[in-house]
Amino acid sequence: MMMLRAARPSRLNDMQAVAKPRWIKKGYDGLTFFGTIITHSAQEAEAFNQRLSPLRNHEMIHLYQARATHDSWLLFYLRYGWYWLLACRYRKHLKNAGYRLNPFEMEAYAHMHDLHYLDDKQGGTYEWRKYAQMPLSERFLHYAKDM
């Protein structure tokens, strides 16, 4: 139902967090789903909603990335899925390779601690394109270097 009622990314200034424990895999703190942040518990959702934190900033970066993918959640998720599938070739070398080597996640992780990263990016963020142009082997080395 969220998909049908979801506003275009450019019409959202903020995303609210809600608790849907069955929707999110253990080991992940939040998930952006059509303009809503999904968390494990009501307490986590409340914490997300009350203050700007690195985790909330990470999820907000995904909102701005969706703006950069023709202002469409659907196109954002189609690209996300494509990049995830391509990166799965490295799952022997890296657990969660589809997630960790995804250009959208690489940008979000690179800037999640910079709480002012989104201040001047109303039209969207585009650094993920730099990561998308890298060969997977280079993304893997970039990830390994940052660990």
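**Reading the model, term by term**

Biologist: Which residues does Q65 touch, not counting residues up to four places away in sequence?

Modeller: Q65 touches F76, F104, E107, A108, T125 and W128. Each contact means heavy atoms within 4.5 Å. Keep in mind that this is a predicted model.

Biologist: Where is Q65 found, and what makes it buried or exposed?

Modeller: Q65 is found in helix α3, residues 54-68. Its relative accessible area is 0%. Buried means under 20%. Q65 is therefore buried.

Biologist: What about Q122?

Modeller: Q122 sits in the loop between α6 and α7. Apart from neighbours within four places in sequence, Q122 is in contact with Y64 and R67. Q122 and Y64 are 58 residues apart along the chain, and their C-alpha atoms are separated by 7.4 Å.

Biologist: How do you know how α4 and α6 are oriented to each other?

Modeller: Two packed helices are described by the angle between their axes and the distance between the axes. For α4 and α6, the angle is about 100° and the axes are 8 Å apart. Angles of 65 to 115 degrees count as roughly perpendicular. About 100° falls in that range, so α4 and α6 are roughly perpendicular to each other.

Biologist: Which residues make that contact?

Modeller: From α4 come F76, R79, Y80 and Y83, and from α6 come P103, F104 and E105. The residues of this contact divide into 5 nonpolar, no polar and 2 charged.

Biologist: What makes the buried residues of α8 line one face of the helix?

Modeller: First, the names. Helix α8 covers residues 136-146, and its buried residues are L136, R139 and Y143. Seen down the axis of α8, these residues fall within an arc of 60°, so they line one face. On the other side of α8, L141 and K145 are exposed.

Biologist: What do the buried residues of α8 pack against?

Modeller: Their partners are α4 (73-87), α5 (97-100), α6 (103-111) and α7 (127-133).

Biologist: Which residues are bridge partners in β3?

Modeller: A19 has T39 as its bridge partner. T32 has I37. F33 has T36.

Biologist: How many residues lie between β2 and β3 in their hairpin?

Modeller: There are 2 residues between them, and F34 in the turn has a positive phi of about 50°.

Biologist: What makes both faces of β3 covered?

Modeller: In β3 (residues 36-39), T36 and I38 on one side are buried, and I37 and T39 on the other are buried too.

Biologist: How do you know whether T39 is buried or exposed?

Modeller: T39 has 0% relative accessibility. The cut-off for buried is under 20%, so T39 counts as buried. Leaving aside neighbours within four places in sequence, its contacts include A17, V18, A19, E44, A45 and F48.

Biologist: What makes H70 and N96 worth a look?

Modeller: Most residues other than glycine have a negative phi. H70 is not a glycine, yet its phi is positive, about 60°. N96 is not a glycine either, and its phi is positive at about 65°. H70 is found in the loop between α3 and α4, and N96 in the loop between α4 and α5.

Biologist: Why do H70 and N96 get the accessibility labels they have?

Modeller: Exposed means over 50% relative accessible area. H70 has 61%, so it is exposed. N96 is at 32%, so it counts as partly exposed.

Key. Residues are numbered from 1 along each chain as its sequence is written. This is a predicted model: local features need pLDDT of at least 70, side-chain atom pairs count only at pLDDT 80 or more; totals for chains, interfaces and linings use all residues. Side-chain values use heavy atoms; hydrogens and water are left out. Buried means under 20% relative accessible area, exposed over 50%, partly exposed in between (1.4 Å probe, protein chains only). Helices (H or I, at least four residues) and strands (E, at least two) are DSSP runs, numbered from the N terminus. The arc is that of the directions from the helix axis to the C-beta atoms. Axes are lines fitted to C-alpha atoms, for helices over the stretch in contact, and angles run from 0 to 180 degrees between N-to-C directions. Angles under 35 degrees count as roughly parallel, over 145 as roughly antiparallel, 65 to 115 as roughly perpendicular and the rest as oblique. Ala, Val, Leu, Ile, Met, Phe, Trp, Tyr, Cys and Pro count as nonpolar, Asp, Glu, Lys and Arg as charged, and the others, Gly among them, as polar. Two strands pair if DSSP finds at least two bridges between them.
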